[in-house]
Amino acid sequence: MNKNPNIVKTVNDDIAKRLGITPEELRPFLMYKTYKYGGDFSITKALRDSKVEGVPLDTAAERIKKQLEGSPFIGKIETANGYVNCWYNYDRLLSLIVDAINENYGATDYGKGERVMVEHTSVNPNKAIHIGHLRNASIGDSLSRLLRKTGHEIIVTTYTDDTGAQVADNIVGIKFLGMPAEEKGIKLDHYFGDKVYTKVNEAYKTDPSLLEKRSLILKAIENGDRDILKIVDDMVEKVILAQLETLERLGVYYDLMNYESHILAYKFWDAAFNLLKEKEEIKLETKGEKKGCWVFKKADGEEKIIVRSDGTVVYVGKDIAYAMWKHGLMNGDFKYRKWITQKNGKMLWTTTLDRDGTEKHPKFNYVKRSINVIDITQKYEQEVVKEVIDKFSGGKSEYTHYEYAVVALSPKTAEMLGVKEEDKEFFRMSGRKGIYINADDLLNKLKQAIVQETKSRNKDLSDKECEDIAESLAVSTLRYEMVRTDPKKILVFDMDEALKLESKGAIYIEYTLSRMSGILRNADENIKDASRKKELTKQEKKLLLDIFLFPDVVETAARNLDLTVISNFASEFSSDFNEFYRDNPVIKAEGEERSFRLWLVKTSKIVLKNASEILGIIPLEKM
RNA sequence: GCUCCCGUAGUUUAGCUUGGACAGAACGUCGGUUUCCUAAACCGAAUAUCGCAGGUUCAAAUCCUGCCGGGGGCACCA
């Protein structure tokens with residue numbers, strides 16, 4: 001549990017109190033870093049007051065200036081065109097920071113220990129993860145990291161559909177096309193995704209009878225046919241383990257792996273169905289074309305069929321049951337077992353059908369809030385799930401569909417994969433047709449491009465050290481690119497663009513971090529707490545202001561589930577530091593100035609490191 | 001047909017929730033900075049009808065309406 005206070009709040013509470021409003025009311029009136037107009041921040045309340053009360057702008061602004069004048073946190077106030085421009089009292093700002101600073105700076109207790117389940121990635125277990133899944137995993141993992149920083153207790157789950165057609169396709173390949181269950185020298189997820197899956201889908205075109213074979217396999221899975229299940233489970237587990245290797249490489253970890261087949265085996269739907277009938281959330285249609293179906297009436301009046309007239313449940317039904325499990329809205333629970341220890345040392349648990357193998361396990365479900373990272377094409381189904389959960393829980397459970405748009409390929413990159421069409425700005429990926437970019441392949445290409453640069457810059461380092469640096473830079477770059485923009489915007493991937501080294505946000509941030517480390521290494525001195533030096537330079541003030549605002553930036557990002565707030569901050573902060581570096585010598589400074597600047601560098605490093613960690617950027621000491 | 005999302009410099013984009021001061025950046029382009037803590041950096045210049053048209057407002061990239069362009073979704077499929 002993080003105990004750090006949000007020091008921005010301390011200051012803003014004081015300002016709000018002086019203005020006679022609540023901190024929430026103050027928020028929209030605050031503008032930060034208004035340097036070009038004047039001030040460290042500006043208050044726009046007079047613009048509103050002037051309108052509401054019919055007083056002249058100047059009068060309203062002057063009144064606010066008067067109200068703020070006694071604040072210990074503000075050093076200077078000016079009014080201009082109705083804006084009240086304020087400069088902080090940097091002595092006070094500095095002592096606030098000094099009191100609050102530690103390795104976890106930026107972490108707050110905003111979440112008050114609330115348990116939140118974050119589910120992400122959820123790739124089908126028949127192929128390697130591609131750049132589309134990468135967007136999902138990067139967003140999900142960064143959200144988890146973010147909410148942990150704000151004092152939430154996060155349970156990360158991922159879900160695998162081990163009963164679907166895509167899995168059956170691969171079994172068709174093994175059983176009926178005589179393909180081996182593995183191939184030497186090729187990662188298993190690549191083997192199935194790149195070779196088996198695409199080949200089977202080709203074969204369907206020339207031999208439609210294979211489709212009937214697939215239906216038989218799906219039936220066999222449904223009926224619990226032991227021979228088939230053994231092949232399926234074996235393949236599924238091995239493919240998932242291969243996928244997890246890629247995800248670990250990217251620094252993505254989970255607490256629990258859930259299987260669709262287990263949701264079915266534990267008959268969660270039956271339990272959910274009974275409860276939904278009891279509470280009359282779903283109704284049996286007695287006439288019309290939906291006669292005999294159980295339907296849920298959506299808020300917009302549309303009636304969504306949940307159970308077909310033949311008594312079988314539609315796909316969303318299972319999603320509803322699963323969501324009810326997450327929120328502890330039904331009695332059933334899985335059995336769990338320890339599965340693998342991940343690279344970060346944390347145990348990855350999995351659900352199990354083995355009812356005797358009960359182990360003492362952490363509490364996974366019964367969360368009030370769940371965040372489900374699922375792409376935007378499933379918006380409609382997710383809306384149904386959310387509405388059912390809202391109604392059933394009486395608003396007590398908060399189910400969030402965190403939607404993001406697909407990753408598509410640029411025309412150039414698509415052409416590289418053999419797809420060409422005029423007049424298209426981008427192309428959707430397709431696992432079936434083999435049109436996708438695998439995460440492993442991309443990561444390797446990126447690393448290769450970076451390692452040359454690294455070697456040419458670090459003659460004193462070994463090849464191994466250069467490769468490690470390049471690996472970290474490749475991972476950081478990829479993850480940063482996946483979260484730096486609005487998740488609702490389609491991300492058009494272009495291979496050439498991706499392999500360009502300049503213009504990469506993460507590399508810029510990494511460079512800045514390395515620079516900070518370099519200074520501290522060269523200083524070779526124990527750094528004391530900051531003592532105020534006589535006069536702060538422009539750049540020193542800018543850095544202090546960034547540092548001061550950081551906890552609030554993190555909190556804002558968490559409140560809005562907005563990662564771009566963090567990436568923008570990290571990039572701007574890096575820029576401010578590099579500006580500082582240019583005109584403010586640290587090691588060559590003397591006495592008080594030197595020790596103050598060393599403290600400032602050390603503190604800046606903590607801030608940038610903590611921001612980077614949220615984004616999945618691996619901080620480097622050297623590059 | 002109904003519905004949701006996106007549309008900001010050549011390119012990638014921030015700002016839109018909560019309307020406020022000349023719309024911030026980055027890449028690319030052009031020019032400059034290295035006997036000095038990492039030049040994967042820094043400084044400067046040029047580049048924007050904020051998709052279009054109305055409306056609300058003292059004030060609109062931001063809110064409302066309509067239209068245009070691009071994409072998604074609307075199964076007794078999974």
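This is a predicted model: local features need pLDDT of at least 70, side-chain atom pairs count only at pLDDT 80 or more; totals for chains, interfaces and linings use all residues.
- Lys 267 has a phi near 55°, which is a positive value in a residue other than glycine.
- Is Lys 267 buried or exposed? Lys 267 counts as exposed, because it has 12 C-beta neighbours inside 10 Å, and a residue with 12 or fewer falls in that class.
- Tyr 366 is another residue other than glycine with a positive phi, here near 60°.
- You'll find Tyr 366 in the loop between strand 12 (347–352) and strand 13.
- Tyr 366 has 14 other C-beta atoms within 10 Å, so it is partly exposed.

**The whole chain**

- The radius of gyration of chain A is 28 Å, close to the 25 Å that the globule rule gives for 623 residues, so the chain is as compact as a globular protein of that length.
- Along its principal axes, the C-alpha trace of chain A spans about 85 × 65 × 55 Å.
- Of the 623 residues in chain A, 39% count as buried.
- Take the contacts in chain A with a separation of 6 or more: 73% of them come from residues 24 or more positions apart.

**Domains**

- The domain assignment of chain A gives domain 1 (7–88), domain 2 (411–499) and domain 3 (505–615).
- How far apart are the C-alpha centres of domain 1 and domain 3? They lie 27 Å apart.
- Five residues of domain 1 are in contact with five residues of domain 3.
- On the domain 1 side of that meeting place, the residues are three nonpolar, no polar and two charged.

- One open sheet has seven strands in the order 11-12-7-6-5-13-14, with mixed pairing.
- Strand 11 (335–341) and strand 14 (398–404) are at the edges; each has a single partner strand, so one side of each is left without a neighbour in the sheet.
- From one strand to the next, the twist averages 25°.
- Look inside this sheet for strand 6 (residues 153–160) and strand 7 (residues 256–259), which pair in the parallel sense over four bridges.
- Tyr 159 has Asn 258, in strand 7, as its bridge partner.
- Helix 14 (residues 379–393) packs on the sheet and touches strand 13 and strand 14. The direction of helix 14 makes about 170° with that of strand 14.

- Another open sheet has three strands in the order 8-9-10, with antiparallel pairing.
- Its edge strands are strand 8 (282–284) and strand 10 (303–307), each pairing on one side only.
- Neighbouring strands here are turned by 40° against each other on average, ignoring direction.
- How many bridges join strand 8 and strand 9 (residues 294–297)? The antiparallel pairing runs over three bridges.
- Lys 283 has Val 295, in strand 9, as its bridge partner.

**A hairpin**

- Strand 3 (residues 74–80) and strand 4 (residues 83–88) pair in the antiparallel sense over six bridges.
- Ile 77 stands opposite Cys 86 in strand 4.
- Strand 3 and strand 4 form a hairpin with two residues between them, and Asn 81 in the turn has a positive phi of about 50°.

**Two buried residues**

- Val 196 is part of helix 8 (residues 188–206).
- Why does Val 196 count as buried? Val 196 has 24 C-beta neighbours inside 10 Å, and the cut-off for buried is 20 or more.
- Not counting residues up to four places away in sequence, Val 196 touches Asn 170, Gly 173, Met 179 and Tyr 191.
- Val 196 and Pro 180 are 16 residues apart along the chain, and their C-alpha atoms are separated by 9.2 Å.
- Ile 374 lies in strand 13 (residues 369–375).
- Ile 374 is buried too, with 21 other C-beta atoms within 10 Å.
- Leaving aside neighbours within four places in sequence, Ile 374 is in contact with Gln 382, His 401 and Glu 403.
- Ile 374 and Val 52 are 322 residues apart in sequence and 44 Å apart in space, C-alpha to C-alpha.

Terms used: Residues are numbered from 1 along each chain as its sequence is written. Chains are lettered from A and ligands numbered from 1 in the order in which they are written. Domain bounds come from an automatic or database domain assignment. Two residues are in contact if their C-beta atoms, placed from the backbone, lie within 7 Å. Ala, Val, Leu, Ile, Met, Phe, Trp, Tyr, Cys and Pro count as nonpolar, Asp, Glu, Lys and Arg as charged, and the others, Gly among them, as polar. The radius of gyration is taken over C-alpha atoms; the globule rule is 2.2 Å times the number of residues to the power 0.38. Two strands pair if DSSP finds at least two bridges between them. Axes are lines fitted to C-alpha atoms, for helices over the stretch in contact, and angles run from 0 to 180 degrees between N-to-C directions.
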